[in-house]
Amino acid sequence: YTNYLRVKSALVNSDNTLVMKTATQMNNAIEDAEATKQLKATAELISVTKDINKQRDFFVTLTAEVEKMIKGAEITSGEVYKQYCPMAFEGKGGYWLSNSKEVRNPYYGDKMLKCGSVQETIN
């Protein structure tokens, strides 16, 4: 989850090079197992993609995969906030996970940093 948050932060800062680096770190940290196959493949795709918009597209899948793992695990401290921006992806919307209630939109970065809201609290 910590690696996921690093990828999200790099997207918030619109730093495609850092996104690639943090996604590589995440990919390396994920165990090779059937249950993590899609998560690992998505992290790898992000790690080799230079285009920030494509990275953001893949981040949707990364979020969904991380959410599955979190919902199947026991959270021992803090809460996870599922956040949503209705304007992302030309009005189709997009979700992401955060360790803070404060919205920092990874789909728009500084263009619309605070666009979004908390949709669910996972604890």
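**View 1. Residue Q83 sits in strand β1, which spans residues 80-85.** In this predicted model, Q83 counts as buried because its relative accessibility is 0%, below the 20% cut-off. Its side chain reaches the backbone oxygen of S100 at 3.0 Å, and the side chain of Q83 also reaches the backbone oxygen of K101, at 3.3 Å.

**View 2. Three strands form an open sheet in the order β2-β1-β3, with antiparallel pairing.** The edge strands are β2 and β3, the latter covering residues 117-122, and each of these pairs on one side only. From one strand to the next, the twist averages 25°. Between β1 and β2, which run antiparallel, there are 5 bridges, and in β2 the bridge partner of C85 is G94.

**View 3. Helix α4 lies across β1, β2 and β3 and runs at about 50° to β2.** The helix comprises residues 52-71, 20 residues in total, and reaches 28 Å from its first C-alpha to its last, close to the 28 Å expected at 1.5 Å a residue. At F58, α4 bends by about 25°. Its N-terminal end is capped by D51, a side-chain oxygen of which lies 2.7 Å from the backbone nitrogen of N53. The buried residues of α4 are I52, Q55, R56, F59, L62, T63, E65, V66, E67 and I70. As background to reading such a pattern, an α-helix has 3.6 residues a turn, so residues three or four places apart point the same way.

**View 4. Helix α1, residues 2-12, is largely enclosed by the rest of the structure, because 8 of its 11 residues are buried.** The buried residues are N3, Y4, L5, V7, K8, A10, L11 and V12, a list that includes the lysine K8 and the asparagine N3. These buried residues of α1 pack against α2 (16-29), against α4 and against β2 (94-98), and α4 itself lies across the sheet strands β1, β2 and β3. Just after α1, S14 takes a positive phi of about 55°.

**View 5. Residues F89 and E90 are placed in helix α5, which covers residues 88-91.** Most residues other than glycine have a negative phi. Against that background, F89 has a positive phi of about 55° although it is not a glycine, and E90 likewise has a positive phi of about 55° without being a glycine. With regard to accessibility, F89 is partly exposed because its relative accessible area is 24%, which falls between the 20% and 50% cut-offs, whereas E90 is exposed because its relative accessible area of 81% is over 50%.

How values were computed: Residues numbered from 1 in each chain as written. Predicted model: local features only at pLDDT ≥ 70, side-chain atom pairs only at ≥ 80, totals over all residues. Heavy atoms only, no water. Helix = DSSP H or I, 4+ residues; strand = E, 2+ residues; numbered from the N terminus. Expected span 1.5 Å × (residues − 1). Bend = angle between axes of the 7 residues up to and from the residue. Buried < 20%, exposed > 50% of the residue type's maximum accessible area, 1.4 Å probe, protein only. Polar contact = N/O pair within 3.5 Å; in protein donor to acceptor, adjacent residues only side chain to side chain. Contact = heavy atoms within 4.5 Å. Pairing = 2+ DSSP bridges. Axes fitted to C-alpha atoms, helices over the stretch in contact; angles between N-to-C directions.
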